[in-house]
Amino acid sequence: MIEARDITFGYDSAHPLLDGFTESFSRGEVTAVTGPSGRGKSTLLYILGLMLRPTGGKVVIGGVDVTSLTDLERSRFRAHMFGFVFQDAALDASRTVMDNVVETALYRNDSRRVTQERARELLSQFGVELRANAKPGQVSGGQAQRIALCRALLNSPPILLADEPTGNLDPASAAAVVDAFHSHARTGASVIVVTHDPGLVAQCDREVQL
């Protein structure tokens, strides 16, 4: 599904974070990306998700080199192909929880009614029972991370990328998130998780070390 071919990236050309990284991430698989802090795990995730351009090498999705797409093409590709769970949830504090969850649908011209129905199902599934007009600042860190997961899963993306997704969660909530990753992988998606948590690594199908 998604491949990194000879990826190089560095803010300092003399000391690249990634130097010739090559790896394939298959459909139906939850892969943990691990390694010491500062090794480039999150950077790799942003490159795979077309949020950063590598200084060398390419990202191939479904056999297509997507590295050279224009910024507009990359945005459209991300909206349809990817779901993201960022380390800090990355919710917009000025908007309601519902608006945060459904915001990616704006880039796909999806039906707002259908999208909100799907969002409510996901929020209920992950135990986020909130007023419709609740704001992210009114929820706990664990709830915010589950809201971010709902946003990532909204369009059942073929590729799900998650950066330390269980860092702010209690054990029960973390287990629900891991179950969601495996359920999503069983639909044929590629799930790639950056984590320092050995418990989460043990529950993934495969580990890639940087």
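The largest nonpolar core has 39 residues, and Val101, Leu123, Ile147, Leu149 and Phe181 touch the most other members. Such a core is a set of buried Ala, Val, Leu, Ile, Met, Phe, Trp, Tyr and Cys residues joined through side-chain atoms within 4.5 Å. Buried means under 20% relative accessible area, exposed over 50%, partly exposed in between (1.4 Å probe, protein chains only). Helix 5 gives the largest share of this core, seven residues. A separate core of 26 residues includes Val33, Leu48, Leu50 and Val59.

The model is predicted: local features need pLDDT of at least 70, side-chain atom pairs count only at pLDDT 80 or more, and totals for chains, interfaces and linings use all residues. Residues are numbered from 1 along each chain as its sequence is written, and side-chain values use heavy atoms, without hydrogens and water.

| Residue | Contacts |
|---|---|
| Val101 | Ala119, Leu123, Ile147, Cys150, Arg151, Leu154 |
| His184 | Leu153, Ser156, Pro157, Leu160, Ala189, Val191 |

His184 sits in helix 6 (residues 171-186). Its relative accessibility is 8%, so His184 counts as buried.

Five strands form an open sheet with parallel pairing, in the order 6-7-8-3-9. Helices (H or I, at least four residues) and strands (E, at least two) are DSSP runs, numbered from the N terminus. Strands pair if DSSP finds at least two bridges between them. Strand 3 (residues 29-34) and strand 8 (residues 190-194) pair over five bridges. There, Val30 stands opposite Val191.

Methods: Contact means heavy atoms within 4.5 Å. Lists of a residue's contacts leave out its neighbours within four places in sequence.
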